[in-house]
Structure formats: C-alpha cells, structure tokens
Amino acid sequence: MDLSVDLGRGLVLPNPILVASGTFGYGIEYGDVVDVDRLGGICCKGTTLKARIGNPTPRVTETPGGMLNSIGLQNPGVDAVIEKYAGTWATWKSPVIVNVAGESVEDYVEVARRLDGVPGVAGIELNISCPNVGAGGLQFAIDAGAAGEVTGAVRRATDLPLLVKLSPNVSDIRPIARAIADAGADALTAINTLSGIALAPGRERPLLGNIYGGLSGPAVKPVALRVVYEAAQAVKIPVVAIGGVTELADVLDFLAVGAVAVQVGTAIFADPTLPERLVDELTEECGRRGLTAYRELIGTALPKKAGRPSSKGVEYRP
Amino acid sequence: MRLAGAELVESREILPGQWIQAYHAPGLARGSRAGQFVHARPGDFSGLILRRPFSLNTADPATGIVTIHFRVIGRGTGWFTRLRPGDEIDLLGPLGRPFEVDPRSQHLLLVAGGLGMAGVRMLADEAIRDGRRVTLLFGAASAREVYPSSLLPDEIEYVVATDDGSLGHHGYVTDLVADYESWADQAFACGPLPMLAALARLAAGRRERLGVAKLGRKRGARKAAPVGSPAARRKAFLQVSMEQNMGCAVGACLGCVVMSTSGVPQRVCREGPVFATEEIAWDGAWS
C-alpha cells in the first residue's frame, strides 16, 4: 500500500499521519512508548529566535470534548533547539518539521535562515496563528496581506519546504490561503486552535493565567473540517488537516474534504500510540476498499467543480 | 515510563469524597519510587479527553498492587469512582522524579496537607523499610477529613492538626514544625501551595535558628547541583511535591510548569513533581 505523501520541494512523508506541534515536544519526550520512525512526520514545539519563558500558569484545562491551552510559546530559542535535538532528528526515518513563531517578519526570517541546511530539519511550519501570545501571534494570520508578506519573506530566506499554519479565528479563510499560496508556501496546515476562555472555580476570574487559551480536541473538528474544505478549494497546494482527530473515521473525513494528510494533536495526551495505530488502520482500510493508494480517498466530498472558490463566501464576511 | 493495563482490585471511599483504589500493575509496583505518579486514562473518551495524574500512594512489588488516593473534584475523578473490581484502565507511568533521601538521614519529617497525603504516603513505607524513623505531620480542615491512622504504617509517629481544632492541634500543620526541626535530618512535604510556601520560609531560616555553623570549604563554594538533578534534591533539607494542571505528563506540552529560581520554568511532570525548595521561586510572578 502506497501511503507516501509529497508535500512539495522534496518533502515526502512516509505516510499521511503526522503529530501536531505543541503536543509532541521535540519528539523525544514519549521515549519508548511511541515509535517515532512509524510516524508520517513530527511537527515540533513552536520555536522562536530567542528563548521564551511562556505564559503564567495555569496553562491548560479540560473543556467538554476538548482542552484549552495557553503555553505562550515557551521554548529555549532556535539555536538551543538545533543544538539539543537536530542531531537526534537526523537519525530518524520520520521527517521533523520545525514549527516557527516570531514577533516580526524579521524574526521569522532569521529563525528560518538558521534552520536552513541543518541536518535533521526536513521543513518549516510557519506558526502565524498562535492565539496565546501578544506581539506576533495572530495578526499575521488574520490579514491576507500580512500573511502573504511573512510567507514571502521566509520563502526568500530558505529553500526548506515551507508549510504555513492557518488560524480559524478569521472571517474568511480563502483570501488568506490564496495569499499564502501565492507567496510561495509549499503547503497549508489547518487549523490552529480557536481562541477561548474558561472560568476558575468560584467564577471570580478566568481560569488560565493568560486569560485566553486555544481550544483543541474533538470539539473543534467540525470547524477544522469547514476550514479545510474551503482552503482545499481555494488553493492548488496541498492542505494538511489538524483538529480533533481521535480515530480513523476522522482521518477519512479530513481526506474526503481535500486534506492530503492529517496531524494528530490533543488525542496524543490520552493515547500516545494513536498515530501509529492510525497508520495501520488506514492501511487496512485501503486494503478493504481495494485501493492501491490512499490518495484515492482525497477530495471525495468536495464539489464536483473543486478548485473553484465557492460563490457562497459572502456569508462568512462580518 | 510505560503504558500498561491495570486491573482494579479494590475501591473504597475512605473519607467523604476521598477514595483509595488498588490496581494490579506489577510493572509499576516494581519500578516506582515515592514521589512519582501515574497518568490514568478515563475510558469515557467522548467528553473526557485528558488523562488524570495521580500520585502513587503505595506500591507493593510482592503483590504487584499500586494504590492511588484522590478526591472527587469533577467528572474525571467521578468517572474513576464508578469503576468496579475487575475493570481495566490504562496507566502511563511511573512518571516524574522521586524524593531523594540522603543516605545519612536517619530522621525524616513528612508534612502533608489534605490530599497532599497521597504525595508523601509512599515515602513513609520506603523510609521504614530502610530503617529510618519517620514523623508525619498532617493538616486538614476538620476531624472528618483526617486521614485514618489505620492506613499508615505502625512504625511512624503521626501528629494531626485541624483548622477548627476538632482533632489534634488547633491551627495549621506548619505550627507543628518547630517541635521537629532540630530532630529532623530532612523534610518532605506535599499539600496546598500556601502550606508549601510557609514550609519553605521555615526551612530557609532553620540553620540560623538551630545555630548550625556553615562549614567553610577551603577553595570557594561547592558548585550548585543543576535544577531538577537528584543531587539537588538529596542535598536539600526540604523537598516539596508540586501540583499543576497537566496535559501530557511526559514533558511534551509544557502545560504544568512552575517558575524556578533559575528563571526558567520547570515542568512538574518531568523535572518534578519533587523539587528541592531552593529550586522554586516562591515569590515569583507565577504560582
């Protein structure tokens, strides 16, 4: 069974099941519990130019069918990440895609430049949609012009395969997706978390130290399906789906609305072996259907004239 | 750390809303140390999407039984109380770093506030096995929340304080510490953050109160052990087991940090849950 995925610029994943940024650390934390060589790809924790201590606690809380997190991009900075982990990544069969965040276009460009050519770094996922930080969080993801500008600047700074992660916290995803694709991104990933809050016991204040957090988990899956459905029709580059994958049916749903691969995120916390199992189950499912490649499952639920933007877009405008 | 099925053997409510459950998990029972914890998965994945962390309350390698002690605070902990003997759940563990007892320490002072008992309970077993003497100071709101002495080893001295004076000392458990600070070689605590912070203040002033001379070294100061290292804990008079909302419990999500004196947030699940008191920024912006 051919499960390989070509995301462009030489980034070929062994299978379409990746692990999502922020839920799998730098790939080493789960130790022997997870066989990283069986994963389609690993998106590491958001990485910035300088070290960040992140947001005050509490940083996570469970919500119905999901969770809110507000880590605030705690990380040791790109140079420390390269020094500590790239050597290990280079020994893995699974490609490691470094999630990159910044406060300015210059930040993103500099981080990308430092990752360029580092053995063990297979690609970059541009995080322009973190809802949990002040400067440089969401503002690049909610405006097509800014999204295109930062994508283009990073594109010129590196030959690494470039994925750009979309935010669902926008009125219409399609012009943003197009601007990113036109600026030279190799693929889109969608979605980042939805901005939300939870209350502390006693209801005297919000629960999270940062007040706002990002909602993830099964609760966001319908939103992710909608965004992938729209983005897949708006651009010609591949779309990688994220949002509430907990079982094979979710993978099949995302493929049906046009995703070429999926990232498993929050569900890993409950079930670290889920991504490996999904690879097995997808293989079996294709066998059961008599398919020679899983790609035949992609886009089956899209309108017949897929590729043309929907004329119903106006309903998403404010 | 491994992922393993564990069969519920016994489940009972030891105090109003507080449960002790025994699971058959031979690998965990053999490989765990006091201070470590497990991350247990509720089977109801439709609504409860995170695992729940529980301190290992006891671990018996001979029978393969581990116990957890928890209070019902929401839907997740409620789910666990509805399990019946024979039911199987999956446990990820053992996780985190354990208490480290200096081999020279003969007298151990354990301090627990409320559910904090679950965090230090197993250390009493280990200390007695190793021939040490143990005093356990326990604080609760009232007599009806006092951990039953019948569930503790006979060999330990058990001293109780209640906020309302309904049993034992009338006041905070931290009031009792003064009587033991010269006796104790090391102290180990788990409980609410204000209790731990108060103990940290007491520990910081202990040397001066006891008149312990600072034994100088001929050439410079001894190099400080790195944050999170076993040596940093072993050398400390007071070790604390910290609590924080947790996501992955393996160090991947950075959800459960506490601020350290080095200025870098430390993961409760990985560098902790046990820290030397000197490692924690008690007056930091975070708590």
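Q: In what order do the seven strands of the open sheet in chain B lie?
A: In this predicted model, the order in chain B is β4-β3-β7-β1-β2-β6-β5, and the strands pair in the antiparallel sense.

Q: Which strands stand at the edges?
A: The edge positions in chain B belong to β4 (52–55) and β5 (58–60). Each has a single partner strand, so one side of each lacks a neighbour in the sheet.

Q: And by how much are neighbouring strands turned against each other?
A: On average by 35°, with direction ignored.

Q: How many bridges join β1 and β7 of chain B?
A: Six bridges join β1 (residues 2–15) to β7 (residues 88–95) in chain B, and this pairing is antiparallel.

Q: Which residue of β7(B) does B:Arg2 stand opposite?
A: The residue opposite B:Arg2 is B:Gly93.

Q: Changing topic to chain A: at what angle do α1 and α2 pack?
A: Helix α1 (residues 78–89) and helix α2 (residues 105–115) of chain A pack at about 20°, and their axes are 10 Å apart. That angle makes α1(A) roughly parallel to α2(A), because angles under 35 degrees count as such.

Q: Is the crossing of α1(A) and α2(A) left-handed or right-handed?
A: The crossing is right-handed.

Q: Which residues make the contact?
A: From α1(A) they are A:Val78, A:Asp79 and A:Ile82, and from α2(A) they are A:Val111, A:Arg114 and A:Leu115.

Q: What does the contact of α1(A) with α2(A) have by class?
A: It has four nonpolar and two charged residues, with no polar residues.

Conventions:
Residues are numbered from 1 along each chain as its sequence is written. Chains are lettered from A and ligands numbered from 1 in the order in which they are written. This is a predicted model: local features need pLDDT of at least 70, side-chain atom pairs count only at pLDDT 80 or more; totals for chains, interfaces and linings use all residues. Two strands pair if DSSP finds at least two bridges between them. Helices (H or I, at least four residues) and strands (E, at least two) are DSSP runs, numbered from the N terminus. Axes are lines fitted to C-alpha atoms, for helices over the stretch in contact, and angles run from 0 to 180 degrees between N-to-C directions. Angles under 35 degrees count as roughly parallel, over 145 as roughly antiparallel, 65 to 115 as roughly perpendicular and the rest as oblique. A crossing is left-handed if the near helix is turned anticlockwise from the far one by less than a right angle, and right-handed if clockwise. Two residues are in contact if their C-beta atoms, placed from the backbone, lie within 7 Å. Ala, Val, Leu, Ile, Met, Phe, Trp, Tyr, Cys and Pro count as nonpolar, Asp, Glu, Lys and Arg as charged, and the others, Gly among them, as polar.
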